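My notes follow in the order I looked things up.

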Amino acid sequence: MFKAISLDATGTLFRVHGSVGQIYGEAARNKGWESVFNTKEECDLLTSSFKDVWIYMNNKYPNYGLGSGINSDIWWEKAVKKTFSKIEMKDIPYNSDLHHKRIKELLDEGTFKYIVKYWEDNITDCWDLLDDTVESLELFKSKNIKLAIISNFHEQLHQIISNFNIEHYFDVIATSYEYGCEKPCEEIFYKTYKNMGIINNEDNTVHIKEKFNQCIHVGDHLLKDCEGAKNVGLKAGYLRKSDDYTVINDNKIIVVTSLKDILKSCEI
């Protein structure tokens, strides 16, 4: 029987409702931009732009700006502004003077602050709990398994988890922003499992290995979740989505399509 299970958050417990572009478009329309970002095509452009910006922001300001002189709110404001600035708008030549003027008009300070806050104030509209999340958490708790979240996320994760009314299942909720390190960094795993009471400062490497052999971390990212877990000696579980056809040849990674199947696949 596992003593503890740690879980990733986004893509493992919950997911974005629809797409980032749809939510940004909805926020923009609520702000009064009726003439732009009101079609699926324009929202898809926002989503595509956001994916590029996400990579850029994580490279330039890792861990939501921690250690870079900005906080997570400013990080998101920058990300929102860049996301909108990069897209083309209907009947306006991209990167033209008119384009820059229109973006400047739209993206005043109050506007992108509003869009960031929109996510905070409309959690139910922005996030969906995955279908089997509650059933799986109930199953784990019925087996007296300690549970934790380990997520490359910022402080708002607590608000999201509370909104879904699942915080009581977890002994520890660890965000990379609050713990000061991101997966696959070993430190965030060690800190979380210490806070769960699975390991302690007196444990030597042999003791930690023995204890971690009775625990598993599950997520949907091969590097951040699975390799991160393996590097510290935890068992690793990969949650495969229905549209994920990644070939995994590592027999040390347990592949499941539902969280509750972690128990079945490990024959415990």
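Predicted model: local features only at pLDDT ≥ 70, side-chain atom pairs only at ≥ 80, totals over all residues.

Residues are numbered from 1 along each chain as its sequence is written, and side-chain values use heavy atoms, with hydrogens and water left out.

**Whole chain**

I began with the overall numbers. Of the contacts in the protein chain with a separation of 6 or more, 62% are between residues 24 or more positions apart. I count a residue as buried under 20% relative accessible area, exposed over 50%, and partly exposed in between (1.4 Å probe, protein chains only). Buried residues come to 47% of the 268 in the protein chain.

Which order do the strands of the open sheet have? I read off S5-S4-S1-S6-S7-S8, six strands with parallel pairing. Two strands pair if DSSP finds at least two bridges between them. S5 (172-175) and S8 (253-256) stand at the edges with a single partner strand each, so one side of each has no neighbour in the sheet. On average, neighbouring strands are turned by 20° against each other, direction ignored. For angles, axes are lines fitted to C-alpha atoms, for helices over the stretch in contact, and the angles run from 0 to 180 degrees between N-to-C directions.

Two helices lie across this sheet's strands. Helix H8 (residues 156-163) lies across S4 and S5, at about 140° to S5.

Next I went to S6 (residues 215-219), where five of the five residues are buried. In a regular strand the side chains alternate between the two faces of the sheet. Here Cys215, His217 and Gly219 point one way, Ile216 and Val218 the other.

S1 (residues 4-7) runs parallel to S6 and is joined to it by four bridges. Isoleucine 5 is opposite isoleucine 216, and leucine 7 has valine 218 as its bridge partner. S7 (residues 235-239) also runs parallel to S6, again through four bridges. There valine 218 is partnered by glycine 237. Between S6 and S7 the chain passes through helix H12 (residues 222-232), a right-handed β-α-β crossover. Right-handed means that, with the strands pointing away from the viewer, the path from the first strand over the helix to the second runs clockwise. Further along, four bridges link S7 to S8 in parallel, and leucine 239 stands opposite valine 256.

**Serine 6**

S1 is covered on both faces, with Ala4 and Ser6 buried on one side and Ile5 and Leu7 on the other. Is serine 6 buried or exposed? It counts as buried because its relative accessibility is 0%. Its side chain makes a polar contact with the side chain of histidine 217 at 2.8 Å. A polar contact is a pair of N or O atoms within 3.5 Å; within protein, one must be able to donate a hydrogen and the other to accept it, and residues adjacent in sequence count only if both atoms are side-chain atoms. Beyond four places in sequence, serine 6 is in contact with residues including Ala148, Ile150 and Tyr193. Alanine 148 is also its bridge partner in S4.

**Asparagine 63**

Last stop was the loop between helix H2 (40-60) and helix H3 (72-85), where asparagine 63 lies. At 4% relative accessibility, asparagine 63 counts as buried. Threonine 175 is 112 residues away in sequence but 9.7 Å away in space, C-alpha to C-alpha. I also noted that the asparagine 63 side chain reaches the backbone nitrogen of tyrosine 177 at 3.4 Å. Ser176, Gly180 and Cys181 are among the residues that asparagine 63 touches, not counting those up to four places away.

Key: Contact = heavy atoms within 4.5 Å.
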